[in-house]
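Reader: Can you walk me through this one? I'd like to start with the strands and then look at the charged pairs.

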Amino acid sequence: MNTDTNTVQSTMLPPLPERMRPRELSEYVGQRHLVVGDGCILRNMITSGNLSSFILWGPPGVGKTTLAGIIATTLKRDFYTLSAVSAGVKDVREVIDRAKGRSVFSQGAAPILFIDEIHRFNKSQQDALLGAVENGTIVLIGATTENPSFEVITPLLSRCQVFVLKSLEVDDLQTLLDRALREDVLLKEKDIEVNETEALFRYSGGDARKLLNILEIVVDSFAGKAGPIVIDNKTVTDCIQENIAIYDKDGEMHYDIISAFIKSIRGSDPNAAVYYLARMLDGGEDPLFIARRLCLSASEDVGLANPNALLLANACFQVVHQIGMPEARIPLAEVTVYLASSPKSNASYLAVEKALAKVKEDRMKAVPLYLRNAPTKLMEDLGYSDGYKYAHDYPGHFVDLEFMPKGLEGTVFYEPAPNPHEDRLKAYLKSCWPKYYL
């Protein structure tokens, strides 16, 4: 029986994503806003050596674990790693005890404790970290795919900066693909022709790990075949369909299913939304994770077209928290159908995005004096609150007073969407502000 030498070699080596993991900052791809160029906050930390605790929040495969390892290597710090999936309070305390010794290697600098999936730590496990982070025994680097505001306790969150990592862009994916074909110990020895990349990049979804896994699957599919390995959209799609994974709440399908769920609600399809809800529940997804996404959808996608949506979604979150599974499936289904069947408006979402963009242009716009609080005599003498008109003293509880800072007069951020509820809001706003709402 003949054995393919390359196949034997590949079984003895780690998977392609691990073989291509960057070891130095110069090899790191993506996250330009954090690590590339002068002035980027993480690069400044590394350059100065003045490292403080932080949490990396972003989707899978964007370099959270890799970045933590590079920082430890670059700064020559002792590096401890724990996975929140398997570690407990005892493991945390053992690492802290070892860190108190501070090895010669770290030259007295605080060791780094990297905790993957820190959102899985419960309150007591996170409490065990507080003292060591507070007194500098360790520098904590946490990695999470979930919003830290929900999953990390407030005392720990207040001691850490939060850095948001983004999905990789097409240029980043192309860089990773080119590097793998050029430098990987196995791939560089093969005759590989890349004719199309659209499907490869689309299925990777901005995830470096997924990109390299797909690449390896496609290459392996040519084992034993004569001729070059041709990568095109059809080949990639065929390989993906043959190797499709079942839903896994901790795996790659997690983000595909929740994305389809939210988009089905946004698209007013209650049937598809309930189907994807069932996929998540059957796969063991955390019902509170789903309930939080329903709250977000209620405010972002339904919004002021049906203000009751957010109230119902928030009530669902409370009920799910109280009763748990399997009963939680019922209120989750109720709210899913309600949101999907509701009229939609993202007007308030667009309003705050426009306002944030304007604030970033100029954060120093002065609040008009008549809108300022005047708790002291000195502030009264300076004109604070002078000229303010109390709306409830006027007919209809409204008075024509300019509330914007100078230079922003008449700026409109909120444009009511065309639906029955916001039509009423628009009529009221037009009666108050005919010069702004025409």
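**Strands and salt bridges**

Author: This is a predicted model. In it, strand S3 (residues 112-116), helix H7 (residues 123-134) and strand S4 form a β-α-β unit that is right-handed.

Reader: How many bridges pair S3 with S4, and in which sense?

Author: Five bridges, in the parallel sense. Ile112 has Val139 as its bridge partner in S4.

Reader: And what joins S1 to S4?

Author: Four bridges; S1 (residues 54-57) and S4 run parallel. Leu56 is partnered with Ala143 there.

Reader: Is S4 enclosed or open?

Author: S4 (residues 139-144) is largely enclosed by the rest of the structure, because six of its six residues are buried. Val139, Ile141 and Ala143 point one way, and Leu140, Gly142 and Thr144 the other way.

Reader: Switching to charges. How many salt bridges are there?

Author: A search of the whole structure gives 15. One of them joins Lys234 and Asp238, with the closest N and O atoms 2.8 Å apart.

Reader: Where do those two sit?

Author: Both are in helix H13 (residues 233-242), four residues apart, so about one helical turn separates them. Lys234 is exposed at 59% relative accessible area, while Asp238 is partly exposed at 29%.

Reader: Which pair links distant parts of the chain?

Author: Lys435 and Asp400, whose side chains meet in a salt bridge at 3.5 Å, N to O. They are 35 residues apart: Lys435 lies in the segment after helix H21 (420-432), and Asp400 in the loop between helix H20 (377-381) and H21.

How values were computed: Residues are numbered from 1 along each chain as its sequence is written. This is a predicted model: local features need pLDDT of at least 70, side-chain atom pairs count only at pLDDT 80 or more; totals for chains, interfaces and linings use all residues. Side-chain values use heavy atoms; hydrogens and water are left out. Buried means under 20% relative accessible area, exposed over 50%, partly exposed in between (1.4 Å probe, protein chains only). Two strands pair if DSSP finds at least two bridges between them. A crossover is right-handed if, with the strands pointing away from the viewer, the path from the first strand over the helix to the second runs clockwise. A salt bridge is a side-chain nitrogen of Lys or Arg within 4 Å of a carboxyl oxygen of Asp or Glu.
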